Structures are given as structure tokens and as C-alpha cells.
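Please read them with the coordinates open.

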Amino acid sequence: MDSLQAEDPRYLKRRVKGCTLDVHPTEKALVVHYEVEATILGELGDLMVGERKECQKIIRLKNLNASTDTSSLARKVVEECRLIHPSKLHEVEQLLFYLQSRKQSNDNREKKRISPRDFTPYAGVELDEEANINSIDEYVELLYEGIQEKIRGATLIFQLARNPDNLKELIQNETALGALARVLREDWKQSVDLATTIIYVFFCFSSFSQFHGLVTHFKIGALCMNIIEHELKRYDLWQDELQKKKKAYEEFSDNQNLKKEHEKSFRKYQSLLTKQEQLLRVALCLLLNLAEDTRTELKMRNKNIVHMLVKILDRGDEELLLVVVSFLKKLSIFMENKNDMAEMLAVEKLARLVPCEHEELLSTTTRLLLNLSFDMSLRSQMVQAGLIPKLSSLLADEGQRQLSMCILYHISMDDRFKSMFADTDCIPQLMRMVFDCGEEKMDVELISLCINLAANKSNAQVICEGNGLKMLMKRAMKLKDVLVMKMIRNLSQHNGPTKSLFLDHVGDLAAQICEEEAEEFVIECLGTLANLTIPDLDWALVLKEYNLMAYLKDRLKPGSAEDDLILEVVIMIGTVSTDDSCAAMLAKSGIIPALIELLNAQQEDDEFVCQIVYVFYQMVFHQATRDVIIKDTQAPAYLIDLMHDNNAEIRKVCDNTLDIIAEYDEEWRKKIQTGKFRWYNGQWLEMVENRQMDIAGEPCLYGEDGEYFIGNGDILERPDLFYSADGIIGADGTISPEFYADFQNGELGQTGYLSSVPDQYVPSAHNPAGRPISSYGFRPDEPFFYSYMTTSR
């Protein structure tokens, strides 16, 4: 016996070895990795047992910021942490400098907010005793007792789980985890405190991806979904009950008992609501961690997780809302989830969170709204919820500015909503941001939003107020900024006082149109000039002073430049063609043949064809260019070919141009009339021309010499086949009695002979009094046929 006592261990020797330093991946903290070597010595100092264990210590630096003196802080860290040898002072200083300069993303801040250490149990379940990992079996035994003992045991295990160093040991104790899962499954309805504490424990495991399999094994995720669904139903019942008591109290306001009962119910409701929201928060955090696996996320969606989350958006607890919005943001990247949010009117509920005092909640909400703003219907919901002025107010917040601009940019893409920006302080703030950039490169989000807003007339007036246009022109010309020039081009398209402001800048714009400037910049300058349809502008003087005629003619050659530039040149020619003197210059310069050559080369491009035809339309108004087009070119023939084009705009411009040509040239009038007749009666002509008559069956179709009555000539040379006034009115100008009787009885109108006259012959506001709409057919000033056409069919 004495020998055994002599061999008992006398003391333990502990030594720290291998200390290494690193920075925490998400927090402002240093991580110290070290190895502890524990040695048990006997009575005589000889080695009996030796063991090594790897450990780590986290040194959190909450006060570290941009102004912190890292050298002083490094010395303080080395002095207070005995694990770090003084020789590592320089390394500590370097790591602190890295932490000081490292940018912390919003996503990292969100993860930090829902880390296990940030959760604290309820005041009602706080314990004075401190948990010990060696007593885990005792805590498990408590889970087999009554509710209060179960709460105590779960709380002590939660204290252990909050320390990540204990998780590996806890995961090996399958008995403890199995008991926790069983108690949660059986008793969660009996105590909210018990359910909350146990879910806290499994949440600690869910914070690490390698433990997700453990949480899934015990089916904690599915159980949390059931708990959340049940709690939401309980919340609805509480609301209904509280509303009934409030209504009863309001009806009988003199009854003090009803008043006291209502106040008591309200206090109880507040207490229950606080506990419920804590339970919902930790359950959703656990599910959010498990949703890293898209297959698990799909299972959650199949159980209506989106509907549950949107319902919780009505709550007032900001920490719970932060988790809910973070979850929705993660789910919103899938179209099915986005559609569920649209169906549940999530945008309307999110709108009340913008703006809010909670910075991270506001940032997460705007990120979610940005994801949803890619959908057109959801953008409409955002406008209806009044988000345009709310997001505009966030432009003053540097932290929320970029996200707000991106959402506003998406909204501004729809023409229906552009005018709504004029009634907010959005445009003045954007203009200040543009001018504050100086000569620095402007953010793409900022200038893109400005370009969209400039396309609306009301917005353009706000932008140009004061020296707005002048400052934009100064920046564009100095920096050769293509995007600012694109914004100016959008401003120039609006009629009224805005367009008149450009008179002071015509020379600056014209000076940029040369071969030395970048092609993209020249395109925007040309487009801006082409928009300036101002009566007071002397285009002839501009063309001469800046020698633009030669430049325009050279660029009309196919292949001389990019198609975008050539198209802008054509549009520019169409604008200057409105001036009589410019039209004469264009006729003499040979631009008209160049346009016809370009029309041949670009006949497959509808935009080119439409703009070139529009140039011809402008030119036929002037005597000088009209004669050149009609007599010296084949432009009318091209127009006849194009008047039945598939593009409606091309047909419209061709018809208007040909009508004017037909008024001034008799030969072309007949060709145009023939062309239109052939088009409208193509099937009938084809039938008559191609039909083979049986000589024996229909002898009356042939003359006495057996010749087919149409002969070998063109069928259109037989005017007696046409329906016209000549077929109704006799050679002496009188109307036949039969026709007059039919007209009086209303029978002729039912046949539709004359009532089929196209509506384009009816006079309207678009038809000038001195100019007929077409060059043939019935004139509006012929009273008989005009009154006949207005009769009911």
C-alpha cells in the first residue's frame, strides 16, 4: 500500500509551445494559435504521463479604427497577452495595420451580428452557475426531469456550445445531442424558453459548415419550420383576441373592468411577443445557415418559407427583421422565390423600412430591393409604395448612395415613371454629385441615371435650371466625356424653353464635328445638333462657318465610317433641310445622289431607309431641291417601291412624300396612281391577267375576230374597268335617274361602292386646308361626294 502511495503523481508541469499569429477572417481580432504540452511528474520528478493539445485564443480589438496608433496598440497586446513573445512585436504591428486597412463588407457585418456569441439567453433562464465541460453528463440527466430542470440543463449546455472550442467535444457526445433533439421534438409547445434555448445550441453548430450534417441528422431544420409556422398562427390568434378586447373597451369606454382587462391582455401580449420573436430569430438564423446547401433551401421553399418570412416583415423588432430581410435577400436570386415575394406584396412591407435608424437593416433592405428591382412588375410596386422619394432621400447618405442609385436607375428605365422624379429632390442631388466630381471619372451608376432622367421633358427642365446645361456642356467639352454628351443629347430632344437654351452652344457643338475628334463623341454632338429644330437658328451660317457641308458629304459614302456615325449624318441633313437656303446648298453640293447611293447600300436597314426617305420628304418642300429630286434623280421611283414596305413608319413617310411630288408633277402623279392601284388590286389584276379562258365555254369574251377583248396591252390602260366618277356621271355631266333614285333610297350606301373610300380622304386637323392628302381620288372640297361619304354605312 505504501509503495502505491509512493508512486502517486506529485505535481503537473504545463508548457506552451509553437505560438503563431493570424487575423480573424471576419472580425477585428487577432487569433493566437499555440500548443499546450501537459506533463505529469512523479514523486521523484520523473515523467509519468505526457499529453499535447492544440489551442487558440482570440484577442478582440473593438476600438481599432482608422485613427488608432497601431504601434502603441501592438505593445499593449504583447504586454497583456503572455502567450505572445516580445520578439513578435513587429509581426503584431503588421497584423494590426492590415486589420486597420481591411474593408469590412456588409455581408461580413451581417454574419457577425448572428454569431453565437452575440446571442444571450432570456433573463428568466439565466443561471448563476458556470458550465463545465466535464459535467456534461450531469446536464444531460437534467433533460430527463421536469420542464424547469430541462431548461436548466439546456441552458448549461448552451453555455458550453457558445465557445467554439467545445463544439468538437460536444459533437462526440451523441447522447447529449440526441437528448436535446428529443426534448425539442416532444416539449417545444410546452415552453418557449426551452425551445429557444435548445435551438440556440443547434444554431451554434449550424454556424460551421462542417457540422451541418449533424443538424440535418437530427432533423432540426424541419422541426424549426414547424415551430415557425405554429408561432405565426399563435400570433394571429393573439392579434384577434387583442383586437376583440380593444373593440369591446372602445364600445363601453366607461367600463373600468374592460379597460383593466384590455391593459392586462396587452401587457401579457407584449411579454409573449418578446419571447416569440427571440424564438423566431434564432430559428430563422439556424435555417439561414442551413440554406447554404441549395437542396436544403429548396426543401424550405416547398414548405412556404417565403410566405412565412414576408408575414414576419410586419413585426417591429429590428434584429428579427434583419434576419428576415437577410434570408429574403438570399432567396430572391431565384425566380420562383421572387415571384412568391411579388405575390405576397413584399415590396409594400419593405417600403416602411426605408429609411430606418438601423444601419445594417437599411443596407440589407436596399440590397433586397435592388435584387427585386430587376423585375418590371416589382418596380411598379416600388413606385406605388412611394419608394422614389424615399430612395432619393438616401442619396445624401454616402453609405446608402450607390445602392439607392442602382434601384432608381432600374425604375428610371420605364418611361411611365420618369416624370415622377421631377417632384422629388433626386435631380438636384444628382446634379450636385455630377459637379462635385470635378475632372474625376464619374460613377457609371450616377451618369446612367442622369441619362435616363434627361429623356423626360419635366426632368430636363429641372436639370437645365440655373447654369445646369452650361456646366454640363463645359464638362463634356473639356473632358470629351461621351456619357455626359449623351445626357446633353437627351436634353436637346425636348421642345420648348429647354431647346432654346442650346442656341448659345451651337458653335461649341459644331466645332467638335471633325475627323480629329473621337468618333463616339462626334456621334453624340451630331445627334444633339440634329435635335435642334429651332426656327431662330441659321443653319446655313453654321454649315459655312464650320465647313460642315464637305464633312457631311464625305461621311455619306458607304463604308466611310461606322454605321452609327453615318446614320447621325443623315439625320443631321434632314434637320438642316428645313431651311430654304440650306436646301439650295444641299442641292448644289451633290448630296442627293449620295443619299440615293447610300439608300441602295443600306436598303436592308429600316432605320437608314426611314431617315433617308425623311430627308427627301423635307427637301420636296423647297423648290430648289424639289426640282432636283423629281427631274434629275430616280428618288421618286425608289419611293414608289418603298411605299408598301413592311415597316409602318417607312410607308407613312413615303406616302406623304409621294403626295407632295404628285401635286407638282403630272407624269409622276400617273405613275404613283398606277403603283398604288396595282398594290390595292394586285389579286384582281393577277386573276384577270393569268386566267385562261375556254373558247367554247365563254365565246362572248372574244371579239368578232376571235381576239381576247383585253388584247395584248396593259390592263391598266383600260380606264373603263375602273370604278370612278366617270362611271357614275354621264358625259354631259348629269346623273342617271337610276343612280339618283338608289341614292335617295339609301340602297347605294349599303352596296358600299363609294362608302369604301379610304378614311385618309376625310379632312382632319393633320391635313392643311391648302394641300390635299393624296394626289388622286376625291377631294374634300367636292361637296357632293364629301356629303355622301359621311352617310352611315
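What percentage of the 793 residues in the protein do buried residues make up?

1. Overall make-up. The model is a predicted one. Buried residues account for 46% of the 793 residues. The secondary structure consists of 44 helices and three strands. Among contacts with a separation of 6 or more, 68% are between residues 24 or more positions apart.

2. Helix α24. This helix covers residues 444-453 and is mostly covered, with eight of its 10 residues buried. The buried residues are Leu446, Ile447, Ser448, Leu449, Cys450, Ile451, Asn452 and Leu453. Their cover includes α21 (401-412), α22 (415-418) and α23 (426-436), as well as α25 (457-463) and α27 (482-491).

3. Gln400. This residue sits in the loop between α20 (387-393) and α21. Gln400 counts as buried because its relative accessibility is 3%, against a cut-off of under 20%. Leaving aside residues up to four places away in sequence, Gln400 touches Glu359, Leu362, Ser363, Thr366 and Leu394.

4. Backbone points to check. The peptide bond joining Val354 and Pro355 is cis, with omega about -5 degrees. Pro355 belongs to the loop between α17 (346-351) and α18 (359-372). Lys219 has a phi near 55 degrees, a positive value in a residue other than glycine. Lys219 is in the loop between α10 (212-217) and α11 (220-251), and its relative accessible area of 62% makes Lys219 exposed. Leu345 also has a positive phi, near 55 degrees, and is not a glycine. Leu345 lies in the loop between α16 (335-343) and α17; with 42% relative accessibility, Leu345 is partly exposed.

5. Salt bridge between Arg281 and Glu319. The total for the model is 25 salt bridges. In one of them, Arg281 pairs with Glu319, and the closest N and O atoms are 3.8 Å apart. Arg281 belongs to helix α12 (residues 256-290) and Glu319 to helix α15 (residues 318-331), so the pair ties together parts 38 residues apart in sequence. Arg281 is buried at a relative accessible area of 11%, whereas Glu319 is partly exposed at 24%.

6. Salt bridge between Asp375 and Lys338. These side chains meet at 2.8 Å, N to O. The pair links distant parts of the chain, 37 residues apart: Asp375 is in the loop between α18 and α19 (376-384), and Lys338 is in helix α16. Asp375 is buried, with a relative accessible area of 16%. Lys338 is buried too, at 14% relative accessibility.

7. Further charge pairing. Arg416 and Asp414 form a salt bridge through their side chains, at 2.8 Å from N to O. Asp414 is buried, with a relative accessible area of 12%.

8. Negative surface patch. Which residues gather in a patch of negative charge on the surface? They are Asp137, Glu138, Glu141, Glu145 and Glu149. Helix α5 (residues 136-142) provides the largest share of the patch, three residues. Glu138 is located in helix α5.

Conventions: Residues are numbered from 1 along each chain as its sequence is written. This is a predicted model: local features need pLDDT of at least 70, side-chain atom pairs count only at pLDDT 80 or more; totals for chains, interfaces and linings use all residues. Side-chain values use heavy atoms; hydrogens and water are left out. Buried means under 20% relative accessible area, exposed over 50%, partly exposed in between (1.4 Å probe, protein chains only). Helices (H or I, at least four residues) and strands (E, at least two) are DSSP runs, numbered from the N terminus. Contact means heavy atoms within 4.5 Å. Patches are made of residues with over 30% relative accessible area and no salt bridge: like charges are joined within 9 Å, nonpolar side chains (Val, Leu, Ile, Met, Phe, Trp, Tyr) within 5 Å. Accessible areas come from the Shrake-Rupley method with a 1.4 Å probe; for residues, only the protein chains shown count as cover. A salt bridge is a side-chain nitrogen of Lys or Arg within 4 Å of a carboxyl oxygen of Asp or Glu. Lys and Arg count as positive and Asp and Glu as negative; His and the chain ends are not counted. The place of a charge is taken as NZ of Lys, CZ of Arg, CG of Asp or CD of Glu.
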